[in-house]
Amino acid sequence: MAETLASRAAPAAGAHARTRWQMLAPRMRRHKGLMVGLVIVVFLALIAVFRDVVAPQNPIKIDVTAALQSPEPAHWFGTDQYGRDVFSRVVHGASISLTVGVIAVAIATTVGTMVGLVAGYYGRAVDALIMRIIDFMLAFPGILLALGIVSVLGPSLQNLMIAVGIAGVPFYARLVRSTVLVAKEQLYIEAARVIGVPIPVILVRHLLPNIVAPIIIAATLGMGITILQAAGLSFVGLGSQPPTPEWGRMITEGRDYLRDAWWISTFPGVAIMITVFGVNLLGDGLRDVLDPRLRI
Amino acid sequence: MIRYISARLLATVPVVFGVTIAVFSMLYLIPGDPVKMMLSEFQTSPEQIARMRAQLHLNDPFFVQYGRFVWNGLHGNLGTSIRDNRPVTQEIFEVFPQTVQLAVAALVLASALGLALGILAALRQNSWLDIGSMMVATLGISMPSFWLALILILIFSLHFELLPAAGGGDLPHLIMPAVALGLGAAAIIARLTRSSMLDILRTEFVTTARAKGLRGRTVVLRHALHNALIPTITIFGLQFATLLTGTVFIETVFGRPGLGRLVVEAILNKDFPLVQGSVLIFALAYVVVNLVVDIVYAVVDPRIRYQ
């Protein structure tokens, strides 16, 4: 009974979502940047999924007889010092970089949202305690926090995702908390509380769906930064380890051959740039469409 | 104003306390025995491990160790580096000025470029200059700084042989690292300056200034820019802090001595006292920069003080 009443009190989720989507879709289609970003991201995701079809050569197979070959029809992006096909490594790297980006952002948004929901909804002592911890975390710039965590956990691709993910938590927690502070004063939340809906249900079923837009915008924009941070940490040797075809790692592997084999470091860098560019365009576009007030 | 500054200073105290706790706790968060991890690459006997534990005072209770860490830190003693057997503070302060020099150079470059691009784009809104510069800015934000650094080395050191590829010290050694580090920040500053300028150019006082018959340049420089810069100052501060930590990648590429390179090498060498010391100094520098930015912000915009 309480559930039914609360559902009525809250904006009718299904119908609301449909009308909102119908309203947003044409605006999204008209936004050139958003569409370009979406095309880039979908294209990269398809490459990542069908990597074995796009680049059938084994990305970690060593062939010293084919080392340091410049770009040519047999090796579009040339070969590295071990004779590995750079095109194949860049294509396979797409799945690694996108996975790292998605998982790290998922960790940051999930933990950040939970913490922000609890702090914002309960307020008072709980809020004060949580926000002090968040303030301490914010005293460390993101990359330094990630460095600290990697130094504790040890360098590996898995630890890299955890480190970059945790480093993003305070940002999302603060965002969600401030959104909750506004949303919890709305009448539908009060109605749900009055009729006795349990607090976890209020948080997840009623509050969360109504603050999801800023989280999506922040997560998309945060994805670009996350991919750059992860590539940077792998570049300095604190992320993925050889022979994984990770873009940041590939750039560092080509450093010593820059004079004679520029292609080893150049193409993975271009790949990172296109990916982050696409994600940023998508994030900017989503922000313009979902929340035009935030436009810069 | 003095009240605002003292309140802001006081608010920094718990943050600094939290930073020291976090940095100190790193040792406790290592899975397994930290001493064994630090010495994993050496042939060690149980006696050596025991000696190391005693040297690091790891057998004392947590708060005794923490108290000693803070007390020694206040007296300029952050322990001894395991690899080089030298005082951590000495290792840090030998290279820290170079990191600050690089971050300041990058910030100057980023501010000059970002402000110029942002103002031009706002004044010519929706022109090709505007669209083009904002596309370049989005690309600039998307570019990994360490990759840009390598491309600069490829072009200006290896191809044209104009600038040195590695090392530190004089101005020629500073140009490429500052450009590689500063371009991303320039892009962010350009975007923010543009949007801030656009907002201000639509306000009534700018219309009034124009209606009074003031020259376009006077309206832009004297009236609009002054106000448009206020929100940008926060970004300068945040960017400076980001640039400080961005040196982690740039110093590694250019083989420049600095705190960024020191911390990476310390982590790779599992030299924990040095990791703790350099992370602590980075974090404290970040806190100080944020404090200075807040105070400057309050000086520039009196409304902040009354909030």
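**Reading the labels on a predicted model**

Me: Why is B:His57 called partly exposed?

Reply: B:His57 has a relative accessible area of 35%. Buried means under 20% and exposed means over 50%. The value of 35% falls in between, so B:His57 is partly exposed. Keep in mind that this is a predicted model.

Me: Where is B:His57 found, and which residues is B:His57 in contact with, leaving aside its neighbours within four places in sequence?

Reply: B:His57 is in the loop between helix 3 (46-55) and helix 4 of chain B. Its contacts beyond those neighbours are B:Gln65 and B:Arg68. Contact here means heavy atoms within 4.5 Å.

Me: How far apart are B:His57 and B:Ala266, in sequence and in space?

Reply: They are 209 residues apart in sequence. From C-alpha to C-alpha, the distance is 20 Å.

Me: What makes B:Asn85 exposed?

Reply: Its relative accessible area is 59%. The cut-off for exposed is over 50%, so B:Asn85 qualifies. B:Asn85 sits in the loop between helix 4 (62-74) and helix 5 (88-123) of chain B.

Me: How do you know that the peptide bond from A:Pro242 to A:Pro243 is cis?

Reply: Its omega is near 5°. Most peptide bonds are trans. A:Pro243 belongs to the loop between helix 11 and helix 12 (247-253) of chain A.

Me: What makes A:Leu38 partly exposed?

Reply: A:Leu38 has 34% relative accessibility. A:Leu38, in helix 3 of chain A, is one of the residues of a nonpolar patch on the surface.

Me: Why is the pair A:Asp284 and B:Arg191 called a salt bridge?

Reply: Their side chains meet at 3.0 Å, N to O. The rule asks for a Lys or Arg nitrogen within 4 Å of an Asp or Glu carboxyl oxygen, so the pair qualifies. One salt bridge is found across the interface of chain A and chain B. Helix 6 (124-138), helix 7 (142-153), helix 11 (212-235) and helix 13 (263-290) of chain A each supply at least two residues of the side that touches chain B. Helix 13 has the largest share, 12 residues.

Me: How many residues make the contact, and what area is buried between the chains?

Reply: Chain A brings 37 residues and chain B brings 42. The buried area is about 3,700 Å², and carbon and sulfur atoms give 81% of that. Six residue pairs are in polar contact between the chains, both at pLDDT 80 or more.

Conventions
Residues numbered from 1 in each chain as written. Chains lettered and ligands numbered in written order. Predicted model: local features only at pLDDT ≥ 70, side-chain atom pairs only at ≥ 80, totals over all residues. Heavy atoms only, no water. Patch = residues over 30% accessible without salt bridge, like charges linked within 9 Å, V, L, I, M, F, W, Y side chains within 5 Å. Areas by Shrake-Rupley, 256 points an atom, 1.4 Å probe, with all protein chains shown as cover. Buried < 20%, exposed > 50% of the residue type's maximum accessible area, 1.4 Å probe, protein only. Buried area = accessible area lost by both parts, 1.4 Å probe. Polar contact = N/O pair within 3.5 Å; in protein donor to acceptor, adjacent residues only side chain to side chain.
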